[in-house]
Amino acid sequence: MHIKTILITVAVVLASLISLRAQRVMVINIDEEIDATAWRHMRGALHEAENATPRYDMLVVRLNTYGGAVDMADSMRTALMRCSMPTVAFIDHNAASAGALIVLACDSAYMAPGSSIGAATVVNGQGEPMPPKYQSYWSSVMRSTAAAHGKYMAEGDSVERWRRDPDLAAEMVNPEKAISFTTEEAVANGLVDGSATSVHGVLGQLGMEDASVTEYTPTFTDRMMGFFASAGVRAILIMLILGGLYMEMHSPGLGFAAAVSVVATALYFLPMIVTGTLAPWVVILFLIGIVALALEIFVIPGFGIAGVIGIVAIVGSLLGAMVHTDSLTGIDFSSVWRALWTLCAGSALAIGAVLWLTSRHGPKRFQKAAALTTEISVKKGFVGVDMAPSALVGKTGTSLTPLRPSGKVEIDGTAYDATSTGEFIGRHRHVKVVRYEAAQVYVTEEKQQ
């Protein structure tokens, strides 16, 4: 009995300690466009919160976004709805378009005063509404997400009410209305549960004011992927890719330029490979370009069709890798313009870098690689044209043989091969040298007075 009593006491104490453990809350901030990077961060935060020891008790998603890619938002929605812990959205100013879907996916939602939610119409890169079939599909996604939270019956009420009204959620997509809600309107219509000025204010309303709050910090890999995916870094990588290829084409065997181009290419495509957004056709087009350039450099002399195809294919692949293709709306034309500007900036940097490297102000290594330094000498078998006979022009002599039209002439006591510029010239005739061209003396017959 004594041992049993001790075990029971220990169990009670442990249970008490567990119950007294401070609750833990993970906060993830979404302050920019909803894209593959935002989805990667969301996935990382969910994984860390669910697998921590002790695990977190709640995930708070703080949003200030105008939306973004609907396919990435849909992936985030699915992950939030499958999350094993309670999820709370806090709209800290804006939750437009795809951001509204993320709010609807959370178990609870709060808005800061002066914020807005809505305007979830599906648009293309120019901000124009997509055809009705796209609106209908996205409307059904918004509706089903809101309906997934079910209904409730308020105290003293005999009618069940939706926790999130599916009809209002669907109306946000309507191109003719594009409904948005202020904080007060969203609370009044049941789209959000209340108003708060901060994440701590939200936790206070949920009875978790004493909870330990941790903001999700992207991993080193996440930060590196975001760094290499930025427009400025992409422009620099394009400069290194194109500049390296140019230097290698004009100085085959240089090695260093090719290595720089290869490393820059790997870093350029790395973020898209990691996030799974690199389209297969982009890789195929890039490989076609490399093969065509290799043929131009090592197989086909000169600069012809293979070189043009190679450059066009590589530039097209670099451009295509930056263009976002949405599973719902197709090509995002706003990303096309961003990609074009980035490509132009990178190309301009490449041209400037090549001009500097090959100029007299650039490194000597590149000047030597770009300049023609091969010495052509007689010892190596090269024979030049003797220009000494050019001094004979204007002099007179005698034909040693008939010139029909070629033969030999004697000038100043020396015999030369010569060619008549007119009629055939007989032997022992007076001739005059009129020109020296292509290592050949040309003469005409000089009539005697």
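These are my notebook entries on a predicted model of one protein chain.

**Ground rules.** I number residues from 1 along each chain as its sequence is written, and I keep in mind that this is a predicted model in which local features need pLDDT of at least 70, side-chain atom pairs count only at pLDDT 80 or more, and totals for chains, interfaces and linings use all residues. Side-chain values use heavy atoms, with hydrogens and water left out.

**Confidence.** I looked up pLDDT (the predictor's confidence in each residue, from 0 to 100) and found a mean of 81 for the protein chain, with 82% of its residues at 70 or more.

**Whole chain.** I find 15 helices and 17 strands, taken as DSSP runs numbered from the N terminus (helices H or I, at least four residues; strands E, at least two). Of the 449 residues, 39% are buried, where buried means under 20% relative accessible area, exposed over 50% and partly exposed in between (1.4 Å probe, protein chains only). Among contacts with a separation of 6 or more, 61% are between residues 24 or more positions apart.

**Helices α2 and α3.** I checked how α2 (residues 36-51) packs with α3 (residues 70-81), and their axes come within 9 Å and cross at roughly 10°; axes are lines fitted to C-alpha atoms, for helices over the stretch in contact, and angles run from 0 to 180 degrees between N-to-C directions. The two helices are therefore roughly parallel (angles under 35 degrees; over 145 is roughly antiparallel, 65 to 115 roughly perpendicular and the rest oblique). On the α2 side the contact is made by Ala-36, Ala-38, Trp-39, Met-42 and Leu-46, and on the α3 side by Met-72, Ser-75, Met-76, Ala-79 and Leu-80.

**Ser-139.** I place Ser-139 in helix α5 (residues 132-147), where this residue is buried, with a relative accessible area of 17%. Leaving aside neighbours within four places in sequence, Ser-139 is in contact with Ala-170 and Val-173.

**Asp-417.** I place Asp-417 in strand β15 (residues 414-420), and, not counting residues up to four places away in sequence, Asp-417 touches Gly-407, Lys-408, Gln-440 and Val-441. The C-alpha atoms of Asp-417 and Val-441 are separated by 6.7 Å, although these residues are 24 apart along the chain. With Lys-408, I find a side-chain to side-chain polar contact at 2.8 Å (a pair of N or O atoms within 3.5 Å; within protein, one must be able to donate a hydrogen and the other to accept it, and residues adjacent in sequence count only if both atoms are side-chain atoms).

Technical notes. Contact = heavy atoms within 4.5 Å.
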